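Trainee: Please take me through the terms used for this model, and show in each case how the value meets the definition.

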Amino acid sequence: RRPEKNFCVSKRSPPLASIEKLSWRRKRRRRIAATLITLIVLAGAAAATVLYVLPEMHYRQALALMDSAEYGKASETFAILKGYKDSSEKISECTYLEGKALLDEAADLSAAREAFVSLGDYEDAAELVKECDYLTALDLIKQDSREDAAEMFTNLDGYKDSHGYLLKIDYLNASDLMASGDLALAREAFGDLGEYEDSQDKVKECWYLEATAAMSNQQPDKALEALRYIPGYQDADEMTLQAHYMTGIALRDAGKPAEAAEAFLLAGDYEDAPQQALDCFYGPAQQALDKRDYVLASELYGRISGYLDADEKRQKAIYLDAEKAVKDTEYPRAQTLLAQLPEDYEDVADLKKECIYQPAENAYDEGKYEEALALFLQVEGYSNADARIKRCRYKIAEAYYSAKEWEKAIPLYEMLGNYSSSESHLKTSRYNQMKLDMELATMEGYDKVIVAATVLDGYKGSEDYLEKAQ
């Protein structure tokens, strides 16, 4: 702006037109300045509006939306604010509250879960994800989508009573198998459930139904396989007896009386099972006896003790078996059999002695005289036992005599009397033992010398030993 001229000191006044022109210019400049100032003020106001007034308006609008539970719109509004105040935190809060609303009303569990998953570790969002899955799994059970529900409950890993619902699903599946007649799989499934509700009773019921079906199909063996697991259940015990009876009838008709008899015995008092057992045992027992199968005959007759002449026939079978064992030199076995018979039955007493005498003879022939002597002494008076007793004692005494074991030989020679060379060997044994006792030089030894010298009565100068010992 150029400096104003001092018109007062001008030597001449400017023209009126010039003055008016100058005044117009001044006014124009002032208008421009005022406009610029207004624009600046408006710009500042606009900037203030953009930077503070509008965000605050949006912020308050978003808060109002939150209060109205319009969390989606509120979240979108907070997102526009791009970090204004705590708008970022408010977005998370809106997502959380929207998810909670969906969850509480069970309106859209999938959307609620998605919301909570997006929040990560925000407050209890992770726990609420589990709650969404839990409620979804419950809905799946109601829709009969058990497989999908089971998968979700499994993934929940013990959340709330998810384990209990897994058991419930397994129980329902087992019940379906049972209803469809797949009893084996149903029984296994109920068994895996342990003590859950009445699972163990259901296991028994499955066994029972299997047994009932088998009986209806004339399969008593299959029925018995099932019934053995449920004794005492409903009428299972009675059905077991019936199954054994049916088995007995089938075996009898198939020409297997011995096996049939066993089945009839297991049938207890069911119908005429006892009589059937007796009839089935007696015939095979007689056949075994006729075929000289004494072991089987004895066993079968023993099973029907008291029936007709079964006891008498059993004794006969045992006797014939023992007699055969003696002939076959099976003496220990024969003794066991003979011990079951009365002493006065046939020639049992002699057979018992024979079982001892023959082993004694065998021992004697093998030169086992002490063993033979012990056996012969048990049957004194039988056959040639007495002579063998003397011979065994003599052989044993002679062995001691040869070994110069005088003290052991003496009592044997004393028992033998004048048998063979017993008397002369007795004197020699006494004399030599007397000399040994004298050498001991003990009071006990001297006493023995005195006794021996007295008995020897001068044999080989024994009186000299008597005097010395005295």
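**Loops, helix pairs and a pocket**

Mentor: K85 lies in the loop between α2 (71–80) and α3 (87–104). Helices here are DSSP runs of H or I with at least four residues, strands are runs of E with at least two, and both are numbered from the N terminus. The model is predicted, so local features need pLDDT of at least 70 and side-chain atom pairs count only at pLDDT 80 or more, while totals for chains, interfaces and linings use all residues. Residues are numbered from 1 along each chain as its sequence is written, and side-chain values use heavy atoms, with hydrogens and water left out.

Trainee: What makes the phi of K85 worth noting?

Mentor: Phi of K85 is near 45°, a positive value in a residue other than glycine. Most residues other than glycine have a negative phi. D157, in the loop between α6 (146–155) and α7, also has a positive value, with phi near 50°.

Trainee: Which residues make the contact of α5 with α7?

Mentor: Y134, L138 and I141 of α5 meet S162, Y165 and I169 of α7, where contact means heavy atoms within 4.5 Å. These residues comprise 5 nonpolar, 1 polar and no charged. Ala, Val, Leu, Ile, Met, Phe, Trp, Tyr, Cys and Pro count as nonpolar, Asp, Glu, Lys and Arg as charged, and the others, Gly among them, as polar.

Trainee: What makes the crossing of α14 and α15 left-handed?

Mentor: A crossing is left-handed if the near helix is turned anticlockwise from the far one by less than a right angle, and right-handed if clockwise. The crossing of α14 and α15 falls in the left-handed class, and α5 likewise passes α7 in a left-handed crossing.

Trainee: How do you know the relative direction of α14 and α15?

Mentor: The axes of α14 (residues 294–303) and α15 (residues 310–327) come within 8 Å and cross at roughly 155°. The two helices are therefore roughly antiparallel. The contact residues of this pair divide into 8 nonpolar, 2 polar and 4 charged.

Trainee: Why do α17 and α19 receive the term roughly parallel?

Mentor: The axes of α17 (residues 348–365) and α19 (residues 385–402) come within 12 Å and cross at roughly 30°. The pair is therefore roughly parallel. Y357, E361 and Y364 in α17 meet A385, R388, R391 and C392 in α19.

Trainee: What makes a site count as a pocket?

Mentor: On a 1 Å grid over the protein atoms alone, a pocket is an open set of points with protein on both sides within 12 Å along at least five of seven lines, whereas a cavity is a set where a 1.4 Å probe fits but cannot get out. Lining residues have an atom within 4 Å of a point. The lining of the second largest pocket includes E407, R430 and K448, and its residues divide into 5 nonpolar, 1 polar and 5 charged.

Methods: Axes are lines fitted to C-alpha atoms, for helices over the stretch in contact, and angles run from 0 to 180 degrees between N-to-C directions. Angles under 35 degrees count as roughly parallel, over 145 as roughly antiparallel, 65 to 115 as roughly perpendicular and the rest as oblique.
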